[in-house]
Amino acid sequence: LFSRFRDYFGAMCVGLPYMLVAPITMRLYKYPMELVAAFSMIFTIFRPVETLFDANLSFCFLLLCPRSLSRMGTVVFLSLCSMG
């Protein structure tokens, strides 16, 4: 039944991380630590098996970005702290 959509879903699942990487790279080109944190979070989300260690490492990279933390809203910051 869904065999005709197999190529479409295959291309979307493979291409989705690349569609996220290009805009983030263009936006955070001058901020290498924020770029590492963003790529680490994307890598954690798209891994076949996520572990708590990978998520904690991504949050630690985020804590090394004081500019991003200062611009973050209180609700977003509290939700990120409650996840870690």
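Setting aside neighbours within four places in sequence, Asp54 touches Thr44, Arg47 and Val49, where contact means heavy atoms within 4.5 Å. That is a handy place to start in this predicted model, in which local features need pLDDT of at least 70, side-chain atom pairs count only at pLDDT 80 or more, and totals for chains, interfaces and linings use all residues. Residues are numbered from 1 along each chain as its sequence is written, and side-chain values use heavy atoms, with hydrogens and water left out.

- Asp54 sits in helix α3, which covers residues 52–63; helices (H or I, at least four residues) and strands (E, at least two) are DSSP runs, numbered from the N terminus.
- Asp54 is buried, because its relative accessible area is 11%; buried means under 20% relative accessible area, exposed over 50%, and partly exposed in between (1.4 Å probe, protein chains only).
- Beyond its neighbours within four places in sequence, Ser58 is in contact with Ser40, Met41 and Thr44.
- The buried residues of α3 are Asp54, Ser58, Phe59 and Leu62.
- These residues lie on the same side of α3 because they cover an arc of only 135° around the axis, the arc being that of the directions from the helix axis to the C-beta atoms.
- On the other side of α3 you will find Leu52, Phe53 and Leu63, which are exposed.
- With twelve residues, α3 reaches 17 Å from its first C-alpha to its last, close to the 16 Å expected at 1.5 Å a residue; the expected span is 1.5 Å times one less than the number of residues.

**Helix α2 and its cover**

- Helix α2 has 14 residues and spans 20 Å from first C-alpha to last, close to the expected 20 Å.
- Its buried residues are Glu34, Leu35, Ala37, Ala38, Ser40, Ile42 and Thr44.
- The cover over the buried residues of α2 includes α1 (6–27), α3 and α4 (66–71).
- Pro32 is also part of α2, but Pro32 counts as exposed because its relative accessibility is 57%.
- Pro32 and Cys65 are 33 residues apart in sequence, and their C-alpha atoms are 9.6 Å apart in space.

**The chain as a whole**

- The chain contains five helices and zero strands, giving the pattern α-α-α-α-α along the sequence.
- The radius of gyration is 16 Å, well over the 12 Å that the globule rule gives for 84 residues, so the chain is more spread out than a compact globule; this radius is taken over C-alpha atoms, and the rule is 2.2 Å times the number of residues to the power 0.38.
- Along its principal axes, the C-alpha trace spans about 50 × 30 × 20 Å.
- Of the 84 residues in the chain, 18% are buried.
- Among contacts with a separation of 6 or more, 37% join residues 24 or more positions apart.

- Mean pLDDT for the chain is 78, and 92% of its residues reach 70 or more; pLDDT is the predictor's confidence in each residue, from 0 to 100.
- Confidence is highest in helix α2 (residues 32–45), at a mean of 84, and lowest in helix α5 (residues 74–83), at 70.
- Where pLDDT is low, the predicted coordinates should not be read in detail.
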